[in-house]
Structures are given as structure tokens and as C-alpha cells.
Amino acid sequence: MACRKCKRICFDKPCPEHGDKDLSSDWYGFVVIDDMKHSSMGQVAGITKEGIYAIKVR
Ligand SMILES: [Zn+2]
């Protein structure tokens, strides 16, 4: 499941980031952001915290 707002992959409801229960099972691809300082990927996607994020959430 993936959060529609922050795209974080959530293994347990709700989203640990902001408690959102509006999760989508319709997503694909993911990126692992484990070091924000060296991750240009996270900066491009607007991600501000380490974690696993879906590339696309419908
Ligand atoms: Zn979220």
C-alpha cells in the first residue's frame, strides 16, 4: 500500500508520516531513500525523509 499524499510505502495502516488512512494499492515502482544528503532522487521527488517511496501512485 502507498500513501497518496507523500507516496511512502506503508506496510501497516495508517501512513506513519501523517496518519493518513487513504492508501492506494494501485502503485508501481519504488525508490529507497536512505540518505537524503546524497540522494538527488529524493530532492527531485520532493521527499524530505528517509524511507521507501512509490514512483507512481494512482
Ligand atoms: Zn503519507
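Mentor: Let's start with D12, which sits in the loop between β1 (2–3) and β2 (23–24); strands here are DSSP runs (E) of at least two residues, numbered from the N terminus. Before going on, note that this is a predicted model, where local features need pLDDT of at least 70, side-chain atom pairs count only at pLDDT 80 or more, and totals for chains, interfaces and linings use all residues. Residues are numbered from 1 along each chain as its sequence is written, and side-chain values use heavy atoms, with hydrogens and water left out.

D12 is exposed, at 59% relative accessibility (exposed means over 50% relative accessible area, buried under 20%, partly exposed in between, with a 1.4 Å probe and protein chains only). From C-alpha to C-alpha, D12 is 8.1 Å from M1, although eleven residues separate them in sequence.

Now to the zinc ion: C3 (SG), C6 (SG), C15 (SG) and H18 (NE2) coordinate this ion at 2.3 to 2.8 Å (donors are N, O and S atoms within 2.8 Å of the metal, or 3.2 Å for Na, K and Ca; water is not among the atoms, so sites may look incomplete). The donor residues follow the spacing C-x2-C-x8-C-x2-H. Angles among the four donor atoms run from 85 to 127 degrees, and the site is tetrahedral, a label for four donors with all angles between 85 and 135 degrees.

Conventions: Four donors count as tetrahedral if all angles lie between 85 and 135 degrees; four count as square planar and six as octahedral if opposite donors are over 155 degrees apart and all others between 65 and 115; anything else is irregular. Helices (H or I, at least four residues) and strands (E, at least two) are DSSP runs, numbered from the N terminus.
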